Amino acid sequence: MNALRHLRGRRVAVVLAAAAIVATPTVALAGDSHPDNTRAADHAIQGGRARNVILLIGDGMGDSEITIARNYQVGAAGRLAMDKLPLTGAYTTYAVQKDNPSLPDYVTDSAASGTGWATGHKSYNGAISVTPDGKPKPTILELARAAGFRTGDVTTAELQDATPAVLGAHVVSRDCKGPDAMAACAVNAKENGGAGSIAEQLVQTRPDVLLGGGKQYFDQTVKAGGFQGRTVLQQAQANGYQVVTDAAGLAGVKGDQPILGTFAKNNMDLEWVGPKPTRTGTAPSTCAVNTARTATQPHLVDMADKALTVLDRQTRHSRKGFFLQIEGASIDKQDHAANPCGQIGETVAFDAAIKRVLDYQRSHPDTLVVVTADHGHTSQIVEAPTLGYTATLVTHDGANMTISYATADITGSQQHTGTEVRIAAGGPQAANVLGVTNQTDLFFTMSRALGIR
Ligand code: MG
Ligand code: ZN
């Protein structure tokens with residue numbers, strides 16, 4: 001019991017410092033109530049237009065990643081904010097082969113999957129909102145903006161990373177993040193008459209809110225056209241963006257100008273650190289706050305809060321609401337890195353953003369909220385050390401949870417998986433996520449709800 005109490009104390013410290021979610025008391029392991037949910041489900045099914053659509057993408061957040069984070073943070077019988085959406089389905093995530101688009105590529109990356117949910121078209125791994133023949137397709141954000149909605153795109157990755165990129169850029173390779181990185185996208189380069197790199201296209205698409213990392217690409221110099229010789233950041237400012245680079249700047253944002261918040265050179269820093277998996281496993285341990293995290297970077301929940309506040313204010317007197325995407329990006333990146341606490345900390349931080357969005361929805365029930373992933377990933381809860389690499393964590397339950405990474409060597413990058421993933425929703429037309437749908441259906445679910453399709 002003393003050992004358990006000691007553990008609890010450490011856990012509270014983690015939770016408070018992460019400013020994420022307040023740990024709920026451990027509930028009975030069997031769950032404490034067994035209501036008949038028929039009427040609640042019936043009540044949750046509503047049609048009509050959505051004034052706002054908020055899409056939350058947990059990159060690489062398959063069922064396994066959700067379960068790992070839940071067990072650790074709130075216990076096996078606990079429930080995360082993302083578990084509380086009223087309607088849940090699954091969707092298939094496959095890409096298509098570039099050379100033969102009639103054949104599936106069973107394991108998607110974030111670019112092909114993002115192209116799927118952002119445009120309604122299947123494409124190849126690496127495609128940023130272009131079809132396999134390289135043709136741009138309009139995105140949900142672009143269509144919403146053209147129809148008079150305000151728009152936002154928020155991530156913990158570089159803003160030029162695949163998930164945020166698919167909403168406001170069209171290039172043949174996800175690698176083409178800035179004017180100096182166009183080797184794989186000659187056809188898209190400004191100097192060849194194209195629309196430019198992802199960074200350039202994002203500020204040309206001009207969402208009202210752009211928040212994330214990737215400052216290095218905004219600092220690159222435009223090579224042709226009206227902004228030749230100026231940086232992408234200067235181009236953004238000339239296009240009306242107010243630029244902020246830290247949490248204090250973000251908190252102080254005022255007025256109606258679009259906001260470009262770029263808070264890190266690359267991806268934003270991790271929330272948590274912890275043990276590194278080994279071939280024979282680790283001693284049971286707990287995660288800790290990442291004390292090396294740059295303190296001036298906002299947390300995802302801070303960015304979500306600001307995006308909601310700004311977009312809500314901007315649309316208060318308008319007939320049209322907003323479309324907002326919020327990504328928990330480094331769930332995927334830390335799964336690639338076989339870093340269980342890194343992965344869990346990012347999932348918990350993403351869940352805090354979901355909680356903030358669900359609080360907003362409570363007072364704005366004409367908002368469709370969708371929470372999903374773009375693809376599955378490696379991590380698995382296992383019984384004992386595997387042929388791969390494992391680490392054991394002591395969870396909120398006070399029990400040991402062993403997590404395996406077994407799709408690559410520890411020095412390499414763990415792989416995505418081709419599984420279907422959860423899609424959950426609440427609000428107008430949320431019923432369109434029920435059953436087993438396709439990733440591309442999400443584009444139609446969102447655009448129909450906004451009345452732009
Ligand atoms: Mg992503
Ligand atoms: Zn990935």
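Donors are N, O and S atoms within 2.8 Å of the metal (3.2 Å for Na, K and Ca), and since water is not among the atoms, sites may look incomplete. With that in hand, the donors of the zinc ion (ligand 2) follow the spacing D-x3-H-x79-H along the chain. Keep in mind that this is a predicted model, where local features need pLDDT of at least 70 and side-chain atom pairs count only at pLDDT 80 or more. Residues are numbered from 1 along each chain as its sequence is written.

**The zinc site**
- Two OD atoms of D332, plus NE2 of H336 and NE2 of H416, lie 2.0 to 2.5 Å from the zinc ion (ligand 2).
- D332 and H336 sit four residues apart, about one turn, in helix α12 (residues 330-336); helices are DSSP runs of H or I, at least four residues, and strands are runs of E, at least two.
- Both D332 and H336 are buried, meaning under 20% relative accessible area (1.4 Å probe, protein chains only).

**The sheet**
- An open, mixed sheet has 10 strands in the order β7-β8-β6-β5-β11-β1-β12-β16-β2-β17, where two strands pair if DSSP finds at least two bridges between them.
- Its edge strands are β7 (242-244) and β17 (436-438).
- Inside it, β12 (residues 367-373) and β16 (residues 421-426) pair antiparallel over four bridges, with V369 opposite G426.

**Helix α7**
- Seven of the eight residues of α7 (residues 198-205) are buried, so the helix is largely enclosed by the rest of the structure.
- Just after α7, R206 has a positive phi of about 60°.

Definitions and conventions
Chains are lettered from A and ligands numbered from 1 in the order in which they are written. Side-chain values use heavy atoms; hydrogens and water are left out. Buried means under 20% relative accessible area, exposed over 50%, partly exposed in between (1.4 Å probe, protein chains only).
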